[in-house]
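Dear colleague,

I am handing over the structure we spoke about, and below it you will find my notes on what was found in it. Please keep the structure open beside you while you read.

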Amino acid sequence: MKNKSLKIGRNEDCPCGSGKKFKNCCRNRKAEVSIRDEYKKRYDIIIKTPEQIAGIKRAGELLMSIMDEVETMIRPGLKTDDINTFVHDATVKAGAVPAPLNYRGFPKSVCVSINEVICHGIPGERVLEDGDIVNVDITPILDGYYADASRTFFVGTPSPEAKKIVSVAAESLRLGIETVRPGATLGDIGHAIQSYAEGQGCSVVREFVGHGVGVDFHEQPQILHFGRPGKGVALVPGMVFTIEPMINLGKKELHVLEDRWTAVTNDGSLSAQFEQTILVTEEGYESLTPYVL
């Protein structure tokens, strides 16, 4: 949407997300609402141009090619730092930059989180063992554009508990993505995820959320993975953000280790995550980092 103005019916919900009818909200100030200007002013949300979307999509294609190679590497005996080395080298070889490296002091090029680690695991000497689950979170910057995605993999033969949490986390993301369309709200996404995951006896992490992405690593809006339907900012075409629910097999409470990055479940229960970068389109959504859930 290139500086596009959108005609809004008097009795439609106002696209600013106030929850009011347009006639009782922004119509009193403008006959037309510039969605791009309005969302930037009200929420600091960047509605992406076609050129920006194309750039993010190229970054997403690179990301998924690297993720596919990582999937073939996962096996017992592999060091997490071996994953980091591969992701770093593949990213740089493609002319891109690994966004996590030195981001706010993060020392590696990818996050690798095993079992009870919820997110932001730092690759190192830890060796993958049979029965582990491992999340790999990759974010390249290609020609100035960011794409962000993660997947949780089985290492060797999974336990029933591992199968359950990975299945619930994947389905949570799928259901969250399926709510995305113009006129839906951020609360709709969170509600879809929370109601499903908690209905399966699992819990949803509150402290870490999805986010706008594309021209920066972390943009507005924040995408909560819990919430109430109909609440929050209304989705409009051109929004790009991640949905990345972190689902625990046990309770939702967590703590961060002394390295100031690694987040783990308080009760030691397994945690799994899946993440994709999603574009809101005129008809619904498009994943810019697609893979089968």
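In what order do the 3 strands β3, β7 and β8 form an open sheet, and is the pairing parallel or antiparallel? Please keep in mind, as you look for them, that this is a predicted model. The order is β3-β7-β8, and the pairing is antiparallel. At the edges are β3, which covers residues 97–98, and β8, which covers residues 145–146, and each of these edge strands pairs on one side only. Between β3 and strand β7, made of residues 140–142, there are 2 bridges in the antiparallel sense, and if you look along this pair you will find Val 97 opposite Ile 141 in β7.

Another open sheet of 3 strands has the order β10-β14-β17, again with antiparallel pairing. Because β10 (203–204) and β17 (271–273) each have a single partner strand, they stand at the edges, and one side of each is left without a neighbour in the sheet. Strand β14, which holds residues 246–248, runs antiparallel to β17 and is joined to it by 3 bridges; here Met 246 stands opposite Gln 273 in β17.

Turning to the helices, α4 (residues 160–178) packs against α5 (residues 186–199) at an angle of about 150°, and their axes are 8 Å apart. An angle over 145 degrees counts as roughly antiparallel, so that is how α4 lies relative to α5. The crossing in which α4 passes α5 is right-handed. On the side of α4 the contact is made by Val 168, Glu 171, Ser 172, Leu 175 and Gly 176, while α5 contributes Ile 189, Ala 192, Ile 193, Tyr 196 and Ala 197. Sorted by kind, the residues of this contact between α4 and α5 comprise 7 nonpolar, 2 polar and 1 charged.

Is Pro 290 buried or exposed? Its relative accessibility is 51%, and since the cut-off for exposed is over 50%, Pro 290 counts as exposed. Apart from neighbours within four places in sequence, Pro 290 is in contact with Met 64 and Gln 276. Pro 290 and Leu 63, although 227 residues apart in sequence, are 10.0 Å apart in space when taken from C-alpha to C-alpha.

Key: Residues numbered from 1 in each chain as written. Predicted model: local features only at pLDDT ≥ 70, side-chain atom pairs only at ≥ 80, totals over all residues. Heavy atoms only, no water. Pairing = 2+ DSSP bridges. Helix = DSSP H or I, 4+ residues; strand = E, 2+ residues; numbered from the N terminus. Buried < 20%, exposed > 50% of the residue type's maximum accessible area, 1.4 Å probe, protein only. Contact = heavy atoms within 4.5 Å. Axes fitted to C-alpha atoms, helices over the stretch in contact; angles between N-to-C directions. Parallel < 35°, antiparallel > 145°, perpendicular 65-115°, else oblique. Left-handed = near helix turned anticlockwise from the far one by under 90°. Nonpolar A, V, L, I, M, F, W, Y, C, P; charged D, E, K, R; others polar.
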